[in-house]
Every structure is written in C-alpha cells, then in structure tokens.
Amino acid sequence: MPGTPNIVFIMTDQHRTDTLGCYGNPHVRTPALDRLAAEGTLLRDCFTPTAICSPTRASLLTGVMPFRHRMLANYERNVGYIEELGDEFTPFSRRLRDAGYNVGLTGKWHVGRRRGPEDFGFDGTHFPGWHNPMYHPAYAAWLAGRGLEVPQIHDPVRGVFPNGQPGNLLAGRLDGPADATFEAFLADETISWIRRYAAEARERDKPFFMATHFFGPHLPYLLPPEYLNLYDPSLVTLPASVSETFENKPPVQKQYSRHWTYDSLTEDTWRWLIAAYWGYVTLIDEQVGRILAELENLGIADGTCVVFTADHGEFTGAHRLHDKGPAMYDDIYRIPGIIRVPGGVPGQREERFASLLDYTATILDIAGLDPAPDADGESLLPLARGQEPGTPWRDAVLAEFHGHHFPYPQRMIRTRARKLIVNPESVNELYDLERDPDELVNAYDDPAYLADRDELLHRLYTELRDRGDNFYHWMTSMYPVGGKDYDASLSDFEGTRHQDID
C-alpha cells in the first residue's frame, strides 16, 4: 500500500479549549500543540456528541451517535444502561486492520468494563478505568526499569459534600519527578509502538494507525510540584459564569454545584485549581511534543497525519460547576481539534462546525476507505486540504446526554447564534450566544425569542426524527413542532391501516 499515510491520533480527557495557546490562552505554555496548529488546521468550533467519557469514546470507535450504539453512561456509575459495546457497528480499527494497517492504542480505553482495545482490533495494553491506573503492572514495570517507585499523593485538595463529608479529590502533589508520571509512561509506550510500526512500514509498505489517549487533564490534578505550581494563580481570570445564580435553570445544576462542593471552596482555591489544571495541560503538551519529535527523528513526519482532540471539556468552576454533568454548556461540549495532513494547508483556522464523529470518518477517508453507510460524521480531509466538501456542510450541531449518577435525558441543538436544550423533567433552556456567550440567561420563555425558540424546536424535532432518535416522541405532544402526522401512542388504533379479523 505505498503512499498511504500513517495516522497518529492523540486524545486528551476533559480538556477545555481555552487552555491552549493556539485557542487564545496568553499564559499556558503549549508549544507542541501550537506548532501542530500552525502546521495544520485548527477547528475553532468542534463539539462532542455527549460530554461524558464512555459514550463519547464508543461514538469515536463506531462513528455513530450514542443513542445508536447504546453505550450511554460510564460503567462506574452505571444507571441501568449497557456496560459493553455491542458488535452492531464495525469499529474503524477493524476496518483499518482489514485494509492492511497496523493498528495500536495506548492509554485510556474506558469503552467497557471487560472488553478492551484488543477485542476491537488494536494492539496495546488495556488500561481500565477513568483515571490514571497508578498501580497497573505495566506502569510499575516501567518505573522499576528506571529505578523509580509509584508516586504517592500528598496535600490533597477537597471541598465538603452537602452531607458534611469530605468531597471528591480535586488535586494533589505527587512526590515523584515528571519523568515518573503516567503521562511520560504513555508517551514512552507510544514512541515504542511507533518505532516498531515504522520499521515494519519500511520493510513491508505497511502503514500504521497509533492512538494515544491521555487520562488527563481530567481531575484530580495529581502532579509533581513543578507542574502543580507552574502557573501563578494571580494570572487566572475566573470565568464570567461564576456569577451563575441558577435562576430559571434546571434545578439539577444547583445540585451538581453542591455535589462538586463549589461553595465550600474559596475564590483563591478555585484560582489555584485552574492554575493547576493549566500545569497539567503543559505536562501533557510536553509529552505530545516528544511523540511528534519522534516522527521527525524517524523521518516519517511528512507522511503521517496527526490528529489532536479531546473527548469533552471541563467546567473548572464555570457555572459554579466542576467536572461535567447534566448541563449542556459550551464549557464541556466544545472540544479542541487540530488536524495536520500531508498536502494540507498550514495555519488554517476552520470556522465551520466540526464534530468528534467527523474524526472517525476522517480516519477512514485518510486510509482510502468509505465511512458510509453507518457514519454520522463527515470527513475533515477536504477542509484540511483547503478544499470545499462535496456536500453542504452542517450549520448546526446536535448533542445528547443520558445521565451520570442517575438517568437524565437531554437533547441540544446549537447554531451560531442560539442554543436550545430540551430537558423533559425540568425547564428547557434557550441561550442567545451573541448577546450572552456565557449562557447565563435562559431566554426560553422570553417573548422576544419565541419565534427563534419554536423554529429550533421544530428543527431539533425533525432532525431527531430523521435520525431515528426516539426522544422525538416526547416532543411530538409537548412542543409546537407541527401537526401530529403519526400515531403517537404507537398503537393500531389511530391513523394506521390494519387487516380485518375474521
């Protein structure tokens, strides 16, 4: 398969776009990713289909929305959904392998409780769970080979739960050096696989796909002191949405604020936590830099596509929240996206809406494979090459949520100017993103926005119905989405043809 590009896919976890220099942060040092953006295409408005780990990762693997693959929550806090991804949709990894690629993955998997990457056609070790598996045998062996021990956590930072108990661990100091971090270990693992694959590519013209899924900068921010305290908290400007009052908002948001102990921490602590999060981003950027440097050292950088993204964002105090949850703000639905391809246009800043699902289609397109018929995304390859796509590009993004800690269904449609969120058990939300980019004022019942609201309700209803997302049945009876043109009770009694019974 001469001339087929290699693919290096780098994903972070719970990563805000505003922590990167290429997205405008003036303080955080991210030279590797900034350079990648300068050499390729930065996706300004890239969104995840759902802001929670396992469903998003299953969507990346299959290329379809969560309601279709049905892995709808993280298994650690399962709320009754499936815990293993089924075989209805062929993962891109198997299609790449069938096409002659070496296919590897190291780092966070988190697609199922038992089935790991090896069950889906990847080379690599299964690192289970949502956080760095500090006591995994492979990590312990790597440390021992360097005369190092598993780093221990000191000076834990926690808030106070509503019941008075200590809250979730938010940050802490690791006593080992940066060279002993799990992030450094994953970079070493990646480089080892790339060297092996590059040698086989030279000998057999066999291209490779290699994914590195970092567990950070997901909380808790557990870092060596030089990264934990790398940035002065006085540099941090708290997001405008810390003024959130939750007035006319779904009550669950205020409950989540209490769960994440926001009001039990001081403003100085929140600034320090955000600064620590920045330090985590810089640590990961340095490991990304090592991986990209290895491509150059091996002489294969020019023939290798590099993609960088995240599964979803992180609140870090925005809307008086932390982590993620049942609130569809851009803080957690907008994700970073950078793609550099051979023959691409350097320094592009793509303004069109992109989706995490587009990466699945893009990976297959790079390999010369058709992402259809199952794909819910579109290949980004034409955009990265400065070409117009063959079909009209989307002018809105849809997203869904199904629950975390408890079932909580939501659907969202976001255009440039407006965002509509349907919360069946609570108040719906509408945000004017031009006048209220911080999404503080819910304009759903504002008479000045009724026309916009009803237009978006109808559009969301139509798109969900066309996709086969049965959430639309709730909208049929509850909102002004058009006349009922089917039997909403799904019976044979209304508007259906049925045979006579003898």
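User: How many bridges join β12 to strand β13, residues 407-414?
Analyst: This is a predicted model, in which local features need pLDDT of at least 70, side-chain atom pairs count only at pLDDT 80 or more, and totals for chains, interfaces and linings use all residues. Residues are numbered from 1 along each chain as its sequence is written, and side-chain values use heavy atoms, with hydrogens and water left out. Strands are DSSP runs of E, at least two residues, and helices runs of H or I, at least four residues, both numbered from the N terminus; strands pair if DSSP finds at least two bridges between them. β12 and β13 run antiparallel, and the bridges joining them number six.

User: Which strands are the edge strands of the sheet?
Analyst: Four strands form an open sheet with antiparallel pairing, in the order β12-β13-β14-β15. Each edge strand pairs on one side only, and these are β12 (397-403) and β15 (429-432).

User: What angle does the direction of helix α13 make with that of β14?
Analyst: Helix α13 (residues 450-467) packs on the sheet and touches β12, β13, β14 (418-422) and β15. Contact means heavy atoms within 4.5 Å. Angles run from 0 to 180 degrees between N-to-C directions, with axes fitted to C-alpha atoms, for helices over the stretch in contact. For α13 and β14 the angle is about 60°.

User: Is α5 roughly parallel or roughly perpendicular to α6?
Analyst: The axes of α5 (residues 137-144) and α6 (residues 182-204) come within 11 Å and cross at roughly 90°. Angles of 65 to 115 degrees count as roughly perpendicular, and those under 35 as roughly parallel. Therefore α5 is, relative to α6, roughly perpendicular.

Methods
Angles under 35 degrees count as roughly parallel, over 145 as roughly antiparallel, 65 to 115 as roughly perpendicular and the rest as oblique.
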